[in-house]
Amino acid sequence: MQAYIIRRLLILIPTLLFASLIVFSVVRMIPGDVIDLMMSQNDIAADKKSREQLQAALGLDQPMLVQYLRWIGGIALQGDFGRSLWQNTPVTEQLAQRLPVTFELGLFALTIALLVAIPIGVYSAIRQDTAGDYVTRSISLLMLAVPSFWLGTMVMVFPSIWWGWSPQVKFVPFGEDPAQSLVQMAVPAVILGFALSAVTMRMTRTMMLEVLRQDYIRTAWAKGLDEKLVVLRHALRNALIPVVTLVGLQVPILIGGTVIMEQIFVIPGMGLLLLDAVSQRDYPIVTGVFMVVGLAVMLINLLVDLSYGVLDPKVRYR
Amino acid sequence: MSAAALEPAAPALPRNALLRFLWRLFRTKPLGAVGGVIFALFLFCGVFADLLAPYGFNQISPINRLKPPSLQFPFGTDNLGRDLLSRCLYGAQLSVIIGFCVAILGTAISVLIGVVTGYLGGKVDLVAQRFVDAWMSFPDLVILIVVVSVVGPGTPQIIVILGLFFGIGGSRIIRGAVVAVRENMYVHAAQSVGASTARILWRHILPNVLPPVIVLFTTRVGAAILAESGLSFLGIGVPPPAPTWGGMLSGSGRTFMYQAPWLALMPGLCLTIVVYAINVFGDALRDLLDPRMRGSR
């Protein structure tokens with residue numbers, strides 16, 4: 001088990017290096033020089049000398065390879081993602097501030113998605129082809145089609161017109177007031193959770209239907225076990241493995257969703273940081289967010305793979 | 001005798017199967033058929049938007065600002081007095097263009113990568129699959145934001161980026177289908193009479209992976225429309241004043257939505273109905289054409 005985890009972590013290194021090389025060079029191709037932008041904003045007379053000074057101060061006068069090696073070396077050796085070109089604060093500081101916010105929103109949304117998807121998926125399977133099954137399946141197809149940014153917009157607009165209610169604007173970090181923080185995240189998390197639950201629900205239903213046809217389920221029924229035991233202990237546990245895989249595959253979609261929710265509900269997470277950094281051409285932040293998000297997705301997928309062992313004792317890690 | 005004459009012909013779909021297929025669709029999958037009809041209607045609106053729209057998409061009329069839906073303006077008007085129905089119709093046109101171009105480009109790339117790597121296997125396959133793995137482990141939207149910020153917003157850019165994006169992602173599905181077809185007797189027969197690789201791919205592999213290709217294409221149209229509107233919503237898709245459904249929900253219009261909720265309602269409703277219709281239609285197609293793909297998405 002330990003050897004397996006270590007090997008999996010080692011495989012991450014080439015993937016991350018590859019990704020870092022690509023994102024580093026792609027981001028440098030953003031049209032419009034950050035120097036031009038800064039100089040026009042700060043009203044520095046755009047003479048050649050001050051331009052060069054600014055470039056040297058930001059380390060942008062070096063060849064790209066040197067810039068890359070410095071940057072990747074900083075990350076690998078000291079966990080240093082460089083400094084923001086605008087605020088001149090360490091990127092790591094910004095990331096450390098924003099990551100927990102996105103994590104909270106994402107985890108909240110995922111919890112809601114699973115709490116909705118699995119019970120409904122199971123219900124849909126054990127009552128296959130009843131009215132309830134049709135209704136839940138149609139709704140899940142509909143949820144796949146409703147864009148979360150539209151749903152978010154509607155939730156902002158209509159309750160405000162009808163009842164004068166609007167989501168709270170001032171952001172409360174989880175550390176300060178956990179309850180209040182969860183309350184403000186509830187609306188975006190529910191929207192995101194419902195969107196995610198559609199696919200998971202369909203998958204749970206399909207897998208349950210397959211498992212319910214197995215011989216050992218018939219045996220369980222024949223023994224006279226009651227429905228709850230057959231469905232939950234014998235069937236669901238075996239149906240969950242592909243569902244867990246799917247959840248792992250959905251993590252990138254979940255992160256994409258948090259970007260949109262953060263934009264609509266003005267939640268200062270990684271997504272908003274990325275969107276702001278892209279519009280300001282703040283390369284170190286863009287690359288930093290990209291790397292952290294990539295690493296997070298890969299680590300979550302490792303956790304997903306490890307969870308198979310918990311769900312299915314037949315799985316052994318070598 | 002030439003190799004071509006000796007090859008057993010790959011089983012192909014009968015020529016006039018289309019009508020019979022549509023009949024089967026209507027009888028066995030009524031919901032999917034309704035989706036297909038809505039999809040066709042959407043295509044019609046998109047293609048003939050210029051004739052159907054009562055006003056221009058950017059025809060500003062200050063006296064008609066923020067009018068609620070009425071006979072004159074069935075969907076209402078926006079903060080510049082532009083007719084929302086016309087804008088939604090022109091939005092359908094843009095969505096049709098983007099959806100189809102992205103789906104064509106994306107499917108072509110998927111087929112190219114999927115057929116070549118799936119058939120050749122070995123090292124090419126391994127390298128390509130690792131690349132696809134690395135690509136897919138990053139969140140779509142995050143990559144799209146970074147890439148779009150590099151190439152800048154605009155319709156052609158969006159088409160190329162989304163096409164590449166969906167192309168690489170979808171190659172997995174085509175590859176799976178090719179691997180299943182590769183070991184069929186008729187492929188081995190063609191190989192043994194010395195048909196060239198290109199010929200086998202074109203005459204034997206491709207016709208037999210056509211069902212998943214068609215299904216992939218259909219679902220990609222919907223996904224492309226959704227992705228484009230998401231990017232336009234974030235302000236990095238097709239720039240204004242182009243009337244994209246996503247763009248109409250963002251930007252300056254947002255502040256007026258509280259006075260004029262139809263601004264928030266109509267474009268999103270168009271988007272949802274069209275994407276829903278494409279999804280059900282795609283599902284029905286999959287069930288009829290390619291039962292193996294059932295449950296995958």
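Trainee: Why is E183(B) called partly exposed?

Mentor: The relative accessible area of E183(B) is 47%. Buried would need under 20%, and exposed over 50%. The value falls between those cut-offs, so E183(B) is partly exposed. Keep in mind that this is a predicted model.

Trainee: What makes the pair R182(B) and E183(B) a salt bridge?

Mentor: Their side chains come to 3.3 Å, N to O. The limit is 4 Å between a side-chain nitrogen of Lys or Arg and a carboxyl oxygen of Asp or Glu, so the pair qualifies. Side chains of opposite charge can pair when their charged atoms come close. Over all chains, the structure has six salt bridges.

Trainee: How do you know that R205(A) and D133(A) form one of them, and where do they sit?

Mentor: Their N to O distance is 3.0 Å, and the cut-off is 4 Å, so they count as a salt bridge. R205(A) lies in helix α8 (residues 178–212) of chain A and D133(A) in helix α6 (residues 131–145) of chain A. They are 72 residues apart, so this pair links distant parts of the chain. Both residues are buried.

Trainee: What about D215(A) and R218(A): buried or exposed?

Mentor: Both are exposed. They too form a salt bridge, with the closest N and O atoms 3.5 Å apart. The two share helix α9 (residues 215–222) of chain A and stand three residues apart, about one turn. An α-helix has 3.6 residues a turn, so residues three or four places apart point the same way.

Trainee: Which residues of α6(B) are buried, and what do they pack against?

Mentor: D125(B), A128(B), Q129(B), V132(B) and A134(B) are buried. The buried residues of this helix pack against α1 (2–27) of chain A, together with α5 (84–120) and α8 (155–182) of chain B.

Trainee: How do you know that the length of α6(B) is close to the expected one?

Mentor: Helix α6 (residues 122–136) of chain B has 15 residues and reaches 21 Å from first to last C-alpha, close to the 21 Å expected at 1.5 Å a residue.

Trainee: Where is V266(A), and what is its phi?

Mentor: V266(A) is in the loop between α10 (227–265) and α11 (270–280) of chain A. Its phi is near 45 degrees, a positive value in a residue other than glycine. Most residues other than glycine have a negative phi.

Conventions. Residues are numbered from 1 along each chain as its sequence is written. Chains are lettered from A and ligands numbered from 1 in the order in which they are written. This is a predicted model: local features need pLDDT of at least 70, side-chain atom pairs count only at pLDDT 80 or more; totals for chains, interfaces and linings use all residues. Side-chain values use heavy atoms; hydrogens and water are left out. Helices (H or I, at least four residues) and strands (E, at least two) are DSSP runs, numbered from the N terminus. Buried means under 20% relative accessible area, exposed over 50%, partly exposed in between (1.4 Å probe, protein chains only). The expected span of a helix is 1.5 Å times one less than its number of residues. Contact means heavy atoms within 4.5 Å.
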